[in-house]
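Here are my notes on the two-chain model you sent over. Have the structure open while you read, and take the points in order.

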Amino acid sequence: MFDQYLGISPKGDLLLLQMLGEKLNKRSFLHINSTREGGGVAEILQRMIPILNELGIEARWEVIEGDPNFFEITKKIHNALQGNPEDVTEDMWQYHFEVNRRNAEKISLEADAILIHDPQPAALIEFKKNGSWIWRCHIDLSNPHQKVSDYLCRYCQRYDAAIFSVSKFARSIGIDEFIVSPSIDPISEKNRALTEDEIDETFNKFQIPRDRPIILQVSRFDRFKDPLGVIKAFRTVKKYNDCILVLAGSPATDDPEGEAVLNEVKEYAANDPDIFILLLPPFSDKDINALQRTAAVVLQKSLKEGFGLTVSEAMWKGKPVIGGAVGGIPLQIMHGVTGFLIHSVEGAAFRIRQLLNNPEMSNRMGEKGREFVRKNFLITRQIRDYLSIWYSLENKGKNVIEL
Amino acid sequence: MAEIIEPFEFKQCTSIIKSTGKKAKDLPELTDIIAVISDECIFHHTYQYFLKGHILEYTNDFAQWAGESLEESALAEHLSNIDPYEFRNINDLREKIIAVIDEYLKIFPEPRKAIPGEEFYFNETVTLIFPVGIRVKNLAEFLTAIKFVDTGSVYYHFYEARIRLGGGVDDFSRWIEDVFEKKELAEKIRAIDPLMHNIEGIREHLLEAVEEEVRKDMEVIDRCLTSI
């Protein structure tokens, strides 16, 4: 599997991975999260564990078990950490701890490095036996509900280190706090190269014509993704350039508003034959890949965003991306170089027109975007960072480590 | 007996970012923190700016924040004009940054605050240095290697070396001068302004300079052969 990244990932990353693999040979690396399938964390772990093992590290992935009550509580914790006002009572925290305690009895926590993903299994730290314990937070913690964040911090402070996705998500909790961006896997179904036949298959399935440039946004039907703003921008563009809009998203089972938003979008689109609203079933990775590869311009017009990896996905396919200047999007789009950062519907419309009218500029930006993703947002870089952090914790106090 | 040539061994560095947990929402807070934050943090936001592959609108993170988040373009210009390689140590650089901001605040005492989420986040790094497995013994091999290595390797030998070795000299020109006594080529490489290019730009200038030298050497050989 590791060999598949040769010629794709930066040489230095692959080399460093092999060297760290030698340094950490036969050492054990345990990952714990709360779901085996669904969501970005599970998706990356499925790919990461075999690569780590191939590098000579004894990597193991365990999933904590909980009942619906537990996940109800952790959903509240999750929402509160993202800024929603939620009441997480002492009893709920006690239950959260109790479920963690039960899992600690079932799961072997013996390892040289233990990476705990997100708040659900965070209390496992209370059952630490040995090794370096690292808490990996994938959540936007820039504006958390203070009481919930403080309670969780009691656990976090007992870890050897924490990892956040963006600098502004880091908290001042008195332990080493590292910043590691999420990543995409270039050889996964969502990002691998496709044949023309495979692309045709998707377009035939959805009956989308390919005779005009396609403007695409891939996202859940969520108001924070501003689908109505995208349609408004498209209507402005249509006055000048003949094009097609595709809004594609999967239904999110954890989002009760999803259906309402989808209906609003359909109503607003008003049966416009040039607007295609696709509600994709789960595991539509190949279709998303085909749509991204065929689009002339990709939008991520979010008003609020965690990291927004769909931006990197599109950039990896050589597309210029127009994105809202929120969350992790400005870390991915270099304004004017790999795409445009926008702050309004008008901005989105103007930048779409610019790209449609300047295919050369569009291609140039797309190429730069792909190289930017190659250097910064591929899975091999993320694994490199995890191993580097583990290794640095074993060389504590050193700012420069020579291998 | 053949002369023993000291080979050039290519290395590379990679940094992992570490948060200090400190942030500033306006210029007075920024200078207060700059005054006390670790040397590693100042180093990261100035010297390591070029490792991040930015577009070259600014030359350090402080300037970039002033220009983009505070929209204080004049201050961004002043800060971009600071050459970190002019300073003997981090503290002198730290004082210069504070002086430039203080001077600006005398003229514009109430600049805007950053909107929430756009604050300046103070980070530092842990740097890992590793050999990339390439050793070269002559300029032609060097030329091939420069084309091949990652940007992290060019950064290590061109930027990081100036601090590591002191004296503001990069590894490449030092090797070329020490081993081949090609002073003119070494000077040409030293004349590449590190603040005015991104790493790919530095790579292009290096290639151009070394390629010209290799071509000249080949022409000399060619002339010698013709005269035989």
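1. Chain A first. Its secondary structure comes to 14 helices and 13 strands, where helices (H or I, at least four residues) and strands (E, at least two) are DSSP runs numbered from the N terminus. The radius of gyration of chain A is 22 Å, close to the 22 Å from the globule rule for 403 residues, so the chain is as compact as a globular protein of that length. That radius is taken over C-alpha atoms, and the rule is 2.2 Å times the number of residues to the power 0.38.

2. Before going on, some housekeeping. This is a predicted model: local features need pLDDT of at least 70 and side-chain atom pairs count only at pLDDT 80 or more, while totals for chains, interfaces and linings use all residues. Residues are numbered from 1 along each chain as its sequence is written, with chains lettered from A and ligands numbered from 1 in the order in which they are written.

3. Back to the overall build of chain A. The C-alpha trace spans about 65 × 50 × 35 Å along its principal axes. Buried residues make up 46% of the 403 residues in chain A; a residue is buried if 20 or more other C-beta atoms lie within 10 Å of its own, exposed if 12 or fewer, and partly exposed in between, with C-beta atoms placed from the backbone. Among contacts between residues at least 6 apart in sequence, 69% join residues at least 24 apart. Contact here says that two C-beta atoms, placed from the backbone, lie within 7 Å.

4. Chain A is split by the domain assignment into domain 1 (2–183 + 378–393) and domain 2 (196–376); the bounds come from an automatic or database domain assignment. The C-alpha centres of domain 1 of chain A and domain 2 of chain A lie 30 Å apart. How many residues of domain 1 of chain A are in contact with domain 2 of chain A? There are 9, and they are in contact with 10 residues of domain 2 of chain A. By class, the domain 1 side of that contact has 4 nonpolar, 3 polar and 2 charged residues. For the classes, Ala, Val, Leu, Ile, Met, Phe, Trp, Tyr, Cys and Pro count as nonpolar, Asp, Glu, Lys and Arg as charged, and the others, Gly among them, as polar.

5. Now look at the open sheet of 6 strands in chain A, with the order β9-β8-β7-β10-β11-β12 and parallel pairing. Two strands pair if DSSP finds at least two bridges between them. The edge strands are β9 and β12 (339–342) of chain A, each of which pairs on one side only. On average, neighbouring strands of this sheet are turned by 20° against each other, direction ignored.

6. Helix α9 (residues 285–294) of chain A packs on the sheet, touching β7 (214–218), β8 (244–249) and β10 (297–300) of chain A. The direction of α9 makes about 140° with that of β7(A); axes are lines fitted to C-alpha atoms, for helices over the stretch in contact, and angles run from 0 to 180 degrees between N-to-C directions. Elsewhere in the sheet, 4 bridges join β11 (residues 321–324) of chain A to β12(A), and these strands run parallel. Gly324(A) has Ile342(A) in β12(A) as its bridge partner.

7. Have a look at the loop between α8 (258–269) and β9 (275–279) of chain A, where Ala270(A) lies. Most residues other than glycine have a negative phi. Ala270(A), though not a glycine, has a positive phi of about 50°. Asn271(A) is found in the loop between α8 and β9 too, and its phi is near 55°, also positive. Buried or exposed, for Ala270(A)? Ala270(A) counts as exposed, because it has 8 C-beta neighbours inside 10 Å. Asn271(A) is exposed as well, with 7 other C-beta atoms within 10 Å.

8. Chain B has 10 helices and 2 strands. From the N terminus on, its elements run β-α-α-α-α-α-β-α-α-α-α-α. The C-alpha trace of chain B spans about 75 × 30 × 30 Å along its principal axes, and buried residues make up 38% of its 228 residues.

9. Finally, the contact between the chains takes 28 residues from chain A and 22 residues from chain B. On the chain A side, the elements giving two or more residues are α1 (11–23), β6 (176–179), α14 (379–393) and β13 (400–402). The largest share, 5 residues, comes from α1(A). This side divides into 13 nonpolar, 7 polar and 8 charged residues. Strand pairing crosses the chains as well: 3 bridges join β6(A) to β1 (residues 8–24) of chain B, running antiparallel. Phe178(A) stands opposite Lys18(B) in β1(B).
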